[in-house]
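Here are a few notes to read with the model open beside you. Take them one at a time and find each residue as you go.

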Amino acid sequence: MSGGSVVDQFSLFSSTLQGKRQNYPKTEPFYHPLTHCVNPKGKFASADNMYHLLPDNVLEVIFSYLDLRELRDCSLVCKNWYRYLNDENNDVWRMHCVRKLAEEAIKSDLLSTLPSYKAKLRAFHHAWNPNDCSRNVYIKPNGFTLHRNPVAQSTDATRGKIGFRQGRHAWEVIWEGPLGTVAVIGISTKSAALQCHGYVALLGSDDQSWGWNLVDNHLLHNGDAQGNYPLLNNAPKYQVGERIRVILDCDDNTLSFEKNYEFLGVAFRGLPDKKLYPTVSAVYGNTEVSMVYLGPPLDG
């Protein structure tokens, strides 16, 4: 075979094998050199089960044409494919990362806590949802940062693309502009409002949202302050640029926070059995907030 891509050549090779198998008498043994090869254990492998013998450079090209759902299915085909796709820094994940993410996001410090291309790609698919935010908010080209326009007498919120109903999940929130009088981070259901008149703690104003106001260190839910957080005397206020880690445990129905890698304790217990989304609400004009999904939290 000559010419064409590796995928084209492999497709031609497979169809050739299938054609030869169909034309060969089924009553006789069939060990044609084109349709069988020997695996490392010295056993014959037919065209139907030879896919696990494909070398990594061929897998790289084939997998580069598949979407994420198809890659997930491919990882279940055989141990060799699982091994290849389980390498989160290989060229397949790098190519998908380059295609989806803006160059400035890949190279920025924003994603510096993510150890692999696959982790960066996963974070992008969990980032702020441009179709689930206040009309006064837009998502910047990097895909991870929201910008609130300077609109007077309005409080504006944004949810993440993916909500959670089971498992344990962690994400970082970095408030990169002034907090204003109210700056709340937390979670909400799809039923929670994303915009209201005035400057208020929108996140935590109803029974569909739970939030921590970084300005006065109050926990908010159902329109009421649930107490100070963290439970420290003269707890330090949030400083712009600090990373807040949000930890949602859907198995234990709790929401917790970390600041500068220090665990601050459980903030909310008894969360409902509903899909819960990362959410923030802001009031200050031109403020910017980034969110980076980390995956399951590391204990200890």
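Which helices and which strand are included in what covers the buried residues of H7?

1. Keep in mind that this is a predicted model. Now for the question: the cover over the buried residues of H7 includes helices H3 (68–74), H5 (91–100) and H6 (103–107), along with strand S17 (288–295). Helix H7 itself runs over residues 117–125, and its buried residues are Ala119, Lys120, Leu121, Ala123 and Phe124. A handy bit of background here: an α-helix has 3.6 residues a turn, so residues three or four places apart point the same way.

2. Next, the cores. In soluble globular proteins, nonpolar side chains tend to be buried together. In this model, the largest nonpolar core has 35 residues.

3. On to charges: the model has ten salt bridges. One of them joins the side chains of Asp132 and Lys190, with N to O at 2.8 Å. Asp132 sits in strand S3 (residues 128–133) and Lys190 in the loop between strands S8 (183–188) and S9 (195–197), so this pair ties together parts that are 58 residues apart in sequence.

4. Now look at strands S7 and S13. Arg168 forms a salt bridge with Asp249, and their closest N and O atoms are 3.3 Å apart. Arg168 belongs to strand S7 (residues 168–175) and Asp249 to strand S13 (residues 243–249), so the pair ties together parts 81 residues apart in sequence. Arg168 is partly exposed at 28% relative accessibility, while Asp249 is buried, at 14%.

5. Arg243 forms a salt bridge with Glu172, the closest N and O atoms being 2.5 Å apart. Here Arg243 is in strand S13 and Glu172 in strand S7, so the bridge ties together parts that are 71 residues apart in sequence. Glu172 counts as buried, at 2% relative accessibility.

Terms used. Residues are numbered from 1 along each chain as its sequence is written. This is a predicted model: local features need pLDDT of at least 70, side-chain atom pairs count only at pLDDT 80 or more; totals for chains, interfaces and linings use all residues. Side-chain values use heavy atoms; hydrogens and water are left out. Buried means under 20% relative accessible area, exposed over 50%, partly exposed in between (1.4 Å probe, protein chains only). Helices (H or I, at least four residues) and strands (E, at least two) are DSSP runs, numbered from the N terminus. Contact means heavy atoms within 4.5 Å. A nonpolar core is a set of buried Ala, Val, Leu, Ile, Met, Phe, Trp, Tyr and Cys residues joined through side-chain atoms within 4.5 Å. A salt bridge is a side-chain nitrogen of Lys or Arg within 4 Å of a carboxyl oxygen of Asp or Glu.
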